[in-house]
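Student: I've got a new protein model to look at. Can you walk me through it?

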Amino acid sequence: MSDGIPTYQWRTAPTHLRTRRQLAAEGLRPNGQDIAGKLPFQRRGREYVAHLFDVGKSAPKRPPTEAQLEALAKATREHQLRAAERHGISRSEFEETTEPGSGWDTPTSALAGYASPGNALADAMTHSTERDGMDR
């Protein structure tokens with residue numbers, strides 16, 4: 001026990017204590033409660049401490065507001081644009097709105113004619129499915 005807070009070894013903490021991530025996975029938040037326990041562990045030779053919280057004192061997560069969701073969407077978009085720029089893609093290419101072309105409006109039933117004999121891809125697919133049927 002350090003600082004009056006119980007310290008537990010790996011996998012020995014009581015079942016009602018959870019880390020922040022475990023609470024979040026269950027849709028909960030610590031709700032301002034004090035740390036109920038500590039769990040020391042090592043990762044790559046460094047010492048860390050996980051804080052444990054009581055599930056009974058936890059509260060449900062608050063849903064984000066519309067403004068928060070909009071800010072998050074804006075930040076995500078900016079992050080993606082900057083990543084694209086690092087890879088040599090211009091920001092203006094993302095802001096262009098072009099039609100995908102008439103091929104996108106064609107129903108798949110109209111494409112059935114492409115699977116006619118003499119089409120190398122269609123022939124290869126037909127032969128491979130025939131072979132698969134024989135192996136079974």
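Here are some questions and answers on this structure.

Tutor: A quick note to start: this is a predicted model, where local features need pLDDT of at least 70, side-chain atom pairs count only at pLDDT 80 or more, and totals for chains, interfaces and linings use all residues. Residues are numbered from 1 along each chain as its sequence is written, and side-chain values use heavy atoms, with hydrogens and water left out.

Student: What pattern does the protein chain follow along the sequence?

Tutor: Helices (H or I, at least four residues) and strands (E, at least two) are DSSP runs, numbered from the N terminus. The protein chain has 4 helices and 5 strands by that rule. Read in order, the pattern is β-α-β-β-β-β-α-α-α.

Student: What share of the protein chain's residues count as buried?

Tutor: Buried means under 20% relative accessible area, exposed means over 50%, and partly exposed is in between, using a 1.4 Å probe and protein chains only. Of the 136 residues in the protein chain, the buried share is 15%.

Student: Which residues make up the largest nonpolar core?

Tutor: In soluble globular proteins, nonpolar side chains tend to be buried together. A nonpolar core here is a set of buried Ala, Val, Leu, Ile, Met, Phe, Trp, Tyr and Cys residues joined through side-chain atoms within 4.5 Å. The largest one has 5 residues in all: Y8, L17, L39, A50 and L52.

Student: Which residues does L52 contact, leaving aside neighbours within four places in sequence?

Tutor: Contact means heavy atoms within 4.5 Å. With those neighbours set aside, L52 touches Y8, A13, L17, R18, T19, I35, A36, G37, K38 and L39.

Student: Which element gives the largest share of the lining of the largest pocket?

Tutor: On a 1 Å grid over the protein atoms alone, a pocket is an open set of points where a 1.4 Å probe fits, with protein on both sides within 12 Å along at least five of seven lines, and lining residues have an atom within 4 Å of a point. The largest pocket is lined by 16 residues, with W10, T19, Q22, L39 and L52 nearest its centre. Elements giving two or more residues to that lining are β1 (17-18), β3 (37-43) and β4 (46-54). The largest share, 3 residues, comes from β3.

Student: Where does most of my second pocket question point: which element gives the largest share of the second largest pocket's lining?

Tutor: That lining is made of T19, R20, R21, V49, A50, H51 and F53. Elements that give two or more residues to it are α1 (20-25) and β4. The largest share, 4 residues, comes from β4.

Student: Which residues form an aromatic pair, and how far apart are they centre to centre?

Tutor: Rings of Phe, Tyr and Trp (its six-membered ring) pair if their centres lie within 6.5 Å; planes under 30 degrees apart count as stacked, over 60 as edge-to-face and the rest as tilted. The count comes to 1 aromatic pair. With 20 degrees between the planes, F41 and Y48 are stacked, and their centre to centre distance is 5.6 Å.

Student: Is R11 buried or exposed?

Tutor: R11 sits in the segment before β1. R11 has a positive phi of about 65 degrees although it is not a glycine. Its relative accessibility is 76%, so R11 counts as exposed.
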